[in-house]
Amino acid sequence: MHPSRRGLLRAGLATTSAAVLGGAAAGCAVPAGSTGRNMTLWYWGGGLSDKLVEDAAKHFTQVDLKATQIGGYFRSKLLTTLTARAYAPDITGLKGEDIASLLSNADQFIDLNTLGANRLKSQYLDWKWAQGTADDGRQIGFPIDTGPCVHYYRPDVFRKAGLPTEPAEVAAAMSTWDDYFAAGERLVKRVKGAYLVNDLLAVLNMGIGQSAKRFVDKDRHFIGDQEHIVRAWDLALECKKRGLVSPFKSGTVDQTAALEDGRLPSQLGASWVSGDFKSQLTKSAGKWRVAAMPERPANDGGSFLGITKYCRRPEVAFEIITWLLGPKNQTRGFVEASLFPSTPASYEMAAMRKPDPFFGGQVTNDIFARAAQRIQVAYNSPYDVALKQPIMDELTSVHISGKNPERAWRDAMSECRRIADHLGVS
């Protein structure tokens, strides 16, 4: 399922909106950074709690904080203003999917360690902190949220298939991928019209996300042909071989209907998927539960705040960032904007431990929190997105067109090496 909130953000369907503070429009900052009392903050819809941002303007009276929601291709607009050295924001959001490429533009940002960020590192998840750190140790991204992945499932449908129904039992019985697929075979056999997963790409992406490696290492070597990627590819193929993949296209009404009526009673997805479920699956409210996913969690999503080098008052900007993103206000960010915190201290706060009616009164954040703390630190290269695409394309050809899997893998690797050569990756 392609979640609506993140999907819209990534597709750039949102339009530039008026600022929630002060009515500032995008690009109305003073050229080359702010002067005097002006301070600008760029983010995107859903990237921060609007209420929290509004409170920040009231809290930090030593500046006039004006926040602007930027629609469309956020990274492109940000880099354009930084390159032009005009109309640059003082504080800016940095999307999680863009952070690796932005690290190569670290000179455009202030090293947050020079402002004291390193003293706060212990308050944040290690792997999340590492994502915002450049190879030379400069910290350009201060963690906002995370996207720990879990197993969403329907106990009523699992019961029909003779499978466990309680979250701890489901996690134990499906603790490995092979166990998960075996449960899927039982599900497909006993519940007419049911499938275990919606598409092969979901399995591929989860398999890759569970690893501590991606497609390029720190020495700029291509490693997308190594065991960690091969295994994720093989997991996806195994799912297809066992007949566990649905015919429903992600993001369609057919898929939504299948989720509602129990034909897709199992989904592996990030914490923010719960928000999409609540808004889209109103007929099955109360019927879903959350358990740990097979083997270990992956992460999907989560962003950062940074300070551009054009900021005239970086110390104040850093105060604003650390206030917005401290444990107490990250908890607010979750309650008000479904942003799962990167601060473990938030997980014990009362606001995050309330039973969730949509999930049958389960305290789902306990599952999300355990997942968030078990994600591995992984090196993310700015070239990962480009090098992952051929593998996704070829897997889609296997699933949709019936292409021979061995041929598909060879073609994917051939295209990956062509792209790697073009990018200067050995």
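Q: Helices (H or I, at least four residues) and strands (E, at least two) are DSSP runs, numbered from the N terminus. With that sorted, where does Leu 125 lie?
A: A heads-up before we start: this is a predicted model, where local features need pLDDT of at least 70, side-chain atom pairs count only at pLDDT 80 or more, and totals for chains, interfaces and linings use all residues. Residues are numbered from 1 along each chain as its sequence is written, and side-chain values use heavy atoms, leaving out hydrogens and water. As for Leu 125, look in the loop between α4 (99–103) and α5.

Q: Is Leu 125 buried or exposed?
A: Buried means under 20% relative accessible area, exposed means over 50%, and partly exposed is in between (1.4 Å probe, protein chains only). Leu 125 has a relative accessibility of 5%, so it counts as buried.

Q: Which residue of α15 is buried and also touches Leu 125?
A: Contact means heavy atoms within 4.5 Å. Not counting residues up to four places away in sequence, Leu 125 touches several residues, including Tyr 347, Gln 373 and Ala 372. The buried residues of α15 include Phe 368 and Ala 372.

Q: Why is helix α15 described as largely enclosed by the rest of the structure, and how many of its residues are buried?
A: The buried residues of α15 pack against several elements, among them α5 (126–131), β6 (149–153) and α14 (327–337). Helix α15 covers residues 364–372, and it is largely enclosed because the number buried, out of nine, is seven.

Q: How many residues apart are Asp 225 and Arg 417?
A: These two form a salt bridge, with the closest N and O atoms 3.1 Å apart. Asp 225 sits in the loop between α9 (200–209) and α10 (227–241), while Arg 417 is in helix α17 (residues 405–423), which makes the separation 192 residues.

Q: Which helix holds both Arg 407 and Asp 411?
A: Arg 407 and Asp 411 form a salt bridge, with their closest N and O atoms 3.2 Å apart. They are four residues apart, about one turn of their helix, and that helix is α17.

Conventions. A salt bridge is a side-chain nitrogen of Lys or Arg within 4 Å of a carboxyl oxygen of Asp or Glu.
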